[in-house]
Each structure stands twice: as C-alpha cells, then as structure tokens.
Amino acid sequence: GIIICGKGPVNLPGGEGVVEGGTGATFGGGASPDVADNSGKLKYVRIEFSGIPFQPNQEINGLTMGGLGSGTELDYIQVSYCGDDSYEWFGGTVNAKHLISFRAWDDNFDGDNGWNGKVQFAVALTDPNVADQSGSNGFEQDNDASGTGATPITNSIFSNVSIFGP
C-alpha cells in the first residue's frame with residue numbers, strides 16, 4: 001500500500017497522530033494545521049495486493065491518507081485485491097476524483113479523524129466470498145475510533161459513486 005502523511009487538521013489530541021500499519025509515520029499539523037497542505041500528486045496509479053499486516057491488526061490500506069490538505073491532488077487511482085480498506089482518510093481536507101476499489105477485503109471508502117473532503121466519480125466492486133470479521137462496508141465514516149464529538153467533525157461528501165456487491 002501507499003501511505004501519504006500531511007500537515008492538515010485532524011481531531012486527535014495535539015492535532016497529530018501515528019498512522020496505522022506499524023510504520024511509526026506521523027500525520028497532522030499539530031497546533032498549526034495547514035488546511036491547504038500540499039502533499040503532492042498521485043495520478044494514474046494502480047495499487048494491488050496491499051493490506052498485509054506488519055503487526056497484528058495493523059494492516060496498511062491500499063491508499064492511506066493522513067492529514068492531507070486541499071493542495072494535494074488525488075485522481076485516477078485504482079486499488080485492487082487489498083487485504084484491508086481500499087482507501088482510508090485520517091483527517092485532512094483532501095479531495096479525490098476517479099477512484100476504483102476492486103475486491104477489497106474490508107471497507108472500500110473509510111474516513112476518520114475529522115476528514116473534511118469530497119470524492120467524485122468512484123466505483124467499487126466487492127466479492128461476496130471476500131470479507132473480514134467487520135463485515136466489510138462500502139462506506140465507513142467515523143469521527144474517531146471512540147465516536148466522540150472531537151473537532152473537526154468528519155464531514156465527507158461523496159457524489160457520483162456506484163458500489164456493486166453484497
């Protein structure tokens with residue numbers, strides 16, 4: 001999988017977090033988050049066979065986005081055969097277009113920790129014989145792991161999305 005960490009706003013204590021997957025990478029802008037953080041461009045990319053746990057219950061998603069700001073560009077990305085979530089946003093304000101999730105083991109589109117972004121033009125195809133213990137979802141959108149009212153509140157908008165499968 002690919003992990004991109006930025007300096008955007010997140011709703012974790014101190015405005016920073018450690019990305020899941022056991023890498024130790026940190027994300028978030030701390031006390032001075034950058035809403036327009038630019039963590040680069042990822043375009044015309046296919047990510048396959050990610051999601052292998054480096055530590056127990058610490059899988060890396062297909063594309064993990066931690067605290068990415070609106071200056072980051074994500075477009076035309078496909079995640080196939082991922083052993084965890086195809087896409088997971090941890091805070092930030094990044095937007096994305098033209099996303100494909102094919103046969104993910106867990107969720108297709110997962111947002112947490114105050115992610116305030118938009119996704120337009122996305123499709124997911126799931127396999128009825130492939131799912132993890134959580135049941136696997138097309139969407140999983142949480143404010144944080146404990147379900148608190150921490151700010152910023154997760155507020156993602158998805159449009160022009162089709163999800164096929166159980």
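Q: Which residues does Leu99 touch, leaving out those up to four places away in sequence, and what makes these count as contacts?
A: In this predicted model, Leu99 touches Ile77, Tyr87, Trp89, Phe109, Val119, Phe121, Ala122 and Val123. The cut-off for a contact is heavy atoms within 4.5 Å.

Q: What makes the largest nonpolar core a core, and how many residues has it?
A: A set is called a nonpolar core because its residues are buried, of nonpolar kinds such as Leu, Ile, Tyr and Trp, and joined through side-chain atoms within 4.5 Å. The largest one here has 20 residues, and Leu63, Leu74, Ile77, Tyr87, Trp89 and Leu99 have the most contacts inside it. Two or more residues come from each of β4 (41-48), β7 (63-66), β8 (73-80), β9 (87-90), β10 (95-102) and β12 (118-125). In soluble globular proteins, nonpolar side chains tend to be buried together.

Q: How many helices and strands does the protein chain have?
A: The secondary structure comes to zero helices and 14 strands. A strand needs a DSSP run of E of at least two residues.

Q: Why does the radius of gyration of the protein chain agree with a compact globule?
A: For 166 residues the globule rule gives a radius near 15 Å, and the protein chain has 14 Å, so the value agrees. The C-alpha atoms fill a box of roughly 45 × 30 × 25 Å along the principal axes.

Q: What percentage of the residues of the protein chain count as buried?
A: Of the 166 residues, 45% count as buried, the cut-off being under 20% relative accessible area.

Terms used
Residues numbered from 1 in each chain as written. Predicted model: local features only at pLDDT ≥ 70, side-chain atom pairs only at ≥ 80, totals over all residues. Heavy atoms only, no water. Buried < 20%, exposed > 50% of the residue type's maximum accessible area, 1.4 Å probe, protein only. Helix = DSSP H or I, 4+ residues; strand = E, 2+ residues; numbered from the N terminus. Rg over C-alpha atoms; globule rule 2.2 N^0.38 Å.
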